Amino acid sequence: MHPDELDAPETMVQTAQRALKDSTIKCRFCGGPHWSKECPSKDIIQSLQEATQGASDDGPSSSSGLGAGSAAGAGGSRYVPPSVRAAMAAGGSAADAEAAGGRMMPRRMDDSFPVRIANLPEEMSDQDLVDLAQPFGRIARSYLAKHDDGTCKGFAFVNFSTYTEAEAAVSRLNGYGYANLILTCEHSKPRPPK
């Protein structure tokens, strides 16, 4: 092998380093020569952008449409939950919509309100579950947990169409005597992440 050929890969590395050195890295927050995730003043700049965005949204010239970027910051748009979108489209603010519908009545992805009923008898069937929950409102979906042999595991989930129907079921079925057992009923909580 010729000695000049051994130096060739080094020159290619050096030219690549020179090309990278000539390119500029700019922070999208402050414009400095560093990566955006390492910006020392990122938090301050974001809070200032939020404050100026909030002040501009309060003005009379702000648009209430979602497509026009009403929730947009200087760098892009912010995520608006589905439960808040309808109220914002009607002209309300995100904080008002979240206070009215987001926290008081939690919405699920499928717009139904699940209730967990426990301490059910082993002989419980799907039709028995529907008959038990039907008086409280329209059932969107029901699930009865069963063993491999078809007997009930002792709990079930019933999804109601509205929050008031789910609340009525929880208040009436919790502590209700059914087939010599005392039922427990509560609003279903999301499964914790693994």
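Good morning. The model is predicted, so local features need pLDDT of at least 70 and side-chain atom pairs count only at pLDDT 80 or more, while totals for chains, interfaces and linings use all residues. Residues are numbered from 1 along each chain as its sequence is written, and side-chain values use heavy atoms, with hydrogens and water left out.

Let us begin with the strands. Strands are DSSP runs of E with at least two residues, helices are runs of H or I with at least four, and both are numbered from the N terminus. Two strands pair if DSSP finds at least two bridges between them.

Which strands pair with β1? Strand β1 (113-118) is antiparallel to β3 (residues 152-160), with six bridges, and A118 has F155 as its bridge partner in β3. β1 also runs antiparallel to β6 (residues 184-187), joined by four bridges; here V115 is partnered by H187.

β3 pairs with β2 (residues 139-146) as well, again antiparallel and over six bridges, among them the one between Y143 and F157. Five residues separate β2 and β3 in a hairpin, and G150 in its turn has a positive phi of about 95 degrees.

Is β1 mostly covered or mostly open? Five of the six residues of β1 are buried, where buried means under 20% relative accessible area, exposed over 50%, and partly exposed in between (1.4 Å probe, protein chains only). E123, in the loop between β1 and α5 (126-133), counts as exposed because its relative accessibility is 63%.
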